[in-house]
Amino acid sequence: MTSIPDLIRKKRDGGQLTDEEIRVFVRAVAEKTIQDCQTGAMLMAIWQRGMVSAETTTFTREMMSSGEVMSWPEEWRGLMVDKHSTGGVGDKVSLVLAPALAACGCKVPMISGRGLAHTGGTLDKLESIPGFRIQQSSEQIKDILGSVGCCIVGQTERLVPADRVLYALRDATSTVDSLPLITGSIISKKGAESLSALVLDVKFGRAALYKDQRGARELADMLMSAGNELGVRTGAVLSRMDAVIGRRVGNSLEVMESLETLKGGGPDDLMELTATLGGLLLTMTGLATDLSQGRKKISDAVIGGAALSKFQAMMEAQGVAKETARELCSAHTDYFKVFRKSEHQMELKAPADGVVCDIDGMLIAQVLHKLGAGRSKAGDPVNHSVGAELLVSLDETVQTGSPWIRLHYEDPAPTPDQIQQLQKALTVGTRTQQNRSLVTEVLLPR
């Protein structure tokens, strides 16, 4: 049996690990028979030397097999779908997409994560709803899928335990941006869901991990290759992440915007992304003949109210009181009857007359992070009520002194420097950009 130091040395020196060597390493991580310093050394060796496609596939499969792999009733065969996003500012797509897919006949066991960045992740957003329980057992997940068709839950203790260890250590060892490690983490969890089809929203731009489309395409290709190798039909959408998705950022504010979208009043960019991702999944499962029909089915489910009904049923199935769920889904609700309102609000004013040419989503996100909307390390609390509402859209005409953003914050108040940073996020000029589409490329499974 090769020792762990031998495996680290082999990878450090540029060698290709065999299937058995990768199995030994992943099993040692899952069973905690390896020292953290050794795991960190292997992560750094992988970061520096990379992995060939065969290594990445084996690594992903071994990660997936390190714990429970879910099983579903035979009659659900071909209907199990999910999506993964590489993360963005105001990215609330999952909250609209999961119930829309359920309304179209899919089963969506969406296993999501918490945010480790500027604002919360999908689970943090949902936890701003009083009573919403993100921890559900495998049996409970099956029951909810049977009755509702979708659930959005946290990773169970028994699902991909190796990833729990590696995920925490990647942050501590500055190896977060390694393509093979990203691929193993994302696809192993989706593989353990025993999916029929998976769609990836891979973002690029100044508020994304990858700044250009080429880097995003490379990641998408690696993720798709690993997913398809595991037997999950995997497609991807490349989308821009420069401004904010929708008009609201921050946990409870994003849930409110998602609900408004499910009531038929959603912003165009959020609907475009939701319909494209959902349409691609419906095409891959054969529930739509092509992307155009798939997009229309998703849009119809949202605009017609079927997706809203699924969201209400999902909330109730995951612990939200019936009256609360009904209140949130009613036509003219006062959301702050249910969500806690931040102690303070402040509006910032446009500095000049002109057209809104640009809104830098990353600058807004960085300030909100400092005000408590996100977390810097796993386990930190987030303040669900902190966030921002954009009061203007791209290409809209504004006048000097008109409000363009409303900040929701607690004590302490934003500093003068933070306010200055926010003001820098807005660019007012004379030109408008013709193509504002978020989606730049749709990649079908090979």
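This is a predicted model: local features need pLDDT of at least 70, side-chain atom pairs count only at pLDDT 80 or more; totals for chains, interfaces and linings use all residues.
Which residues does the UniProt annotation "domain: Pyrimidine nucleoside phosphorylase C-terminal" cover? In the unreviewed UniProt entry, this annotation is recorded for residues 355–429.

**Domains and the annotated span**

- The protein is divided into three domains, with domain 1 at 4–65, domain 2 at 74–330 and domain 3 at 341–429.
- Between the C-alpha centres of domain 1 and domain 3 there is a separation of 43 Å.

**The four-strand sheet**

- An open sheet is formed by four strands in the order E6-E9-E11-E7, with antiparallel pairing.
- Strand E6 (248–249) and strand E7 (344–349) each have a single partner strand and stand at the edges, so one side of each is left without a neighbour in the sheet.
- Within this sheet, strand E9 (residues 387–390) and strand E11 (residues 403–409) run antiparallel and are joined by four bridges, and Leu390 stands opposite Ile405 in E11.
- Helix H17 (residues 416–425) packs on this sheet, where it touches E7 and E11, and the direction of H17 makes about 50 degrees with that of E7.

**The three-strand sheet**

- Three strands, in the order E10-E8-E12, form another open sheet, and here too the pairing is antiparallel.
- Its edge strands are strand E10 (397–398) and strand E12 (426–429), each of which pairs on one side only.
- Strand E8 (residues 354–359) pairs with E12 over four bridges in the antiparallel sense, and Ile359 has Leu426 as its bridge partner in E12.
- H17 packs on this sheet as well, touching E8 and E12, with a direction that makes about 45 degrees with that of E12.

**The nonpolar core around Ile364**

- The largest nonpolar core has 143 residues, of which Ile129 and Ile364 touch the most other members.
- When neighbours within four places in sequence are left aside, Ile364 is in contact with Val244, Ile359, Ala388, Leu390, Ile405, Leu422 and Ala425.

Key. Residues are numbered from 1 along each chain as its sequence is written. Side-chain values use heavy atoms; hydrogens and water are left out. Domain bounds come from an automatic or database domain assignment. UniProt positions are given in the numbering used here, feature names are shortened, and annotations may be inferred rather than shown by experiment. Two strands pair if DSSP finds at least two bridges between them. Helices (H or I, at least four residues) and strands (E, at least two) are DSSP runs, numbered from the N terminus. Contact means heavy atoms within 4.5 Å. Axes are lines fitted to C-alpha atoms, for helices over the stretch in contact, and angles run from 0 to 180 degrees between N-to-C directions. A nonpolar core is a set of buried Ala, Val, Leu, Ile, Met, Phe, Trp, Tyr and Cys residues joined through side-chain atoms within 4.5 Å. Buried means under 20% relative accessible area, exposed over 50%, partly exposed in between (1.4 Å probe, protein chains only).
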